[in-house]
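Subject: Structure handover

Hello,

Please find the structure below, with the notes that go with it. Could you look through them when you have the model open?

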Amino acid sequence: MQMLHLLLLTVAVACLNANAVPEDAARAQAIARNTAACEKWYKAEPHPLPFLEQTRNCPCRISTGFPKEFSDGGAVWKTDAGCGASSQPNTCNYHKGAWGCYRHAYKSKGPGAQCCYDRSGNWMSDPHAGAGTLDRERAPDNILNLIQWNAHNKHDVIPWDNCCKDPSMPRDVCQWYYDRRPPGSCTNYNL
């Protein structure tokens, strides 16, 4: 909250001193608005541990061929349509730095695991570098599942948009999102 007040004060002083051009003032207002929305979401959002306990650990390594789907011996992982290696370089907008991502969920609704990998097939653990994150509400397999699509957007996508989408957002504000949507951990499955 202190950060928001400091940001708003800085914008007000800059505008009063006529040092801000209208675009800069609008940009600062957008950042302040997104920071406030992110902070409100962060404070209302429960700790991620109960959701993480309902998801499968990511495979630590996958084939550099990045198959459309694969089994880890106990579950099937499917390519994340938003970050498919076969679509490079025009993909991974939500996970800049990843080469490909996969998803797994035990149920058709509720939490799901999203795992992202570098070009060498190594699991990525730093969300600021492109790692996948916990989904409180899994992304639906089919866009026609509007109820699940709406739940995923409400709990996972819109908060990311507010907290992290704009590259001008302070890193510590974006970190609020990753504190509630961590990448989880990985396991060395026999693939």
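A salt bridge here is a side-chain nitrogen of Lys or Arg within 4 Å of a carboxyl oxygen of Asp or Glu. By this rule, the count is nine salt bridges. This is a predicted model, in which local features need pLDDT of at least 70 and side-chain atom pairs count only at pLDDT 80 or more, while totals for chains, interfaces and linings use all residues. Residues are numbered from 1 along each chain as its sequence is written, and side-chain values use heavy atoms, with hydrogens and water left out.

Salt bridges

Two more terms are needed for this part. Helices (H or I, at least four residues) and strands (E, at least two) are DSSP runs, numbered from the N terminus. Buried means under 20% relative accessible area, exposed over 50%, and partly exposed in between (1.4 Å probe, protein chains only).

One of the salt bridges is between the side chains of Arg27 and Asp166, at 3.0 Å from N to O. This pair links distant parts of the chain, 139 residues apart: Arg27 is in helix α2 (residues 22-44), and Asp166 is in the loop between α4 and α5 (171-180). Arg27 is partly exposed, at 41% relative accessible area, whereas Asp166 counts as buried at 13%.

Arg103 and Asp80 form another salt bridge, with 3.2 Å between the closest N and O atoms. Arg103 belongs to strand β4 (residues 100-104) and Asp80 to the loop between β3 (76-79) and β4, so the pair ties together parts that are 23 residues apart in sequence. Both residues, Arg103 and Asp80, are buried.

A salt bridge also joins the side chains of Asp156 and Arg181 (2.7 Å, N to O). Here Asp156 in helix α4 is linked to Arg181 in the loop between α5 and β6 (186-187), 25 residues away. Through shared partners, salt bridges join Glu45, Arg136, Asp156 and Arg181 into one network. Asp156 and Arg181 are both buried.

Disulfides

With a disulfide taken as a pair of cysteine sulfur atoms within 2.5 Å, the structure holds six disulfides. Counting bonded cysteines along the chain, their pattern is 1-9, 2-7, 3-12, 4-5, 6-8, 10-11.

Cys58 is joined to Cys115, with an S to S distance of 1.9 Å. Cys58 lies in strand β1 (residues 58-59) and Cys115 in strand β5, so this link ties together parts 57 residues apart in sequence. The link of Cys58 and Cys115 is left-handed, with -85 degrees about the S-S bond. Cys58 counts as buried at 2% relative accessibility, and Cys115 counts as buried at 0%.

The disulfide of Cys60 and Cys186 has an S to S distance of 2.1 Å and is right-handed, with 90 degrees about the S-S bond. Cys60 is buried at 15% relative accessibility, while Cys186 is partly exposed at 27%.

Cys164 and Cys174 are also joined, at 2.1 Å from S to S. Cys164 is in helix α4 and Cys174 in helix α5, ten residues apart. The torsion about their S-S bond is about 110 degrees, so the disulfide is right-handed. Cys164 and Cys174 are buried.

Surface

Ile143, Leu144 and Trp149 make a nonpolar surface patch of about 330 Å². Patches are made of residues with over 30% relative accessible area and no salt bridge, with like charges joined within 9 Å and nonpolar side chains (Val, Leu, Ile, Met, Phe, Trp, Tyr) within 5 Å. Accessible areas come from the Shrake-Rupley method with a 1.4 Å probe, and for residues only the protein chains shown count as cover. Leu144 sits in the loop between β5 (113-117) and α4 (146-165) and is exposed, with a relative accessible area of 69%.

Regards
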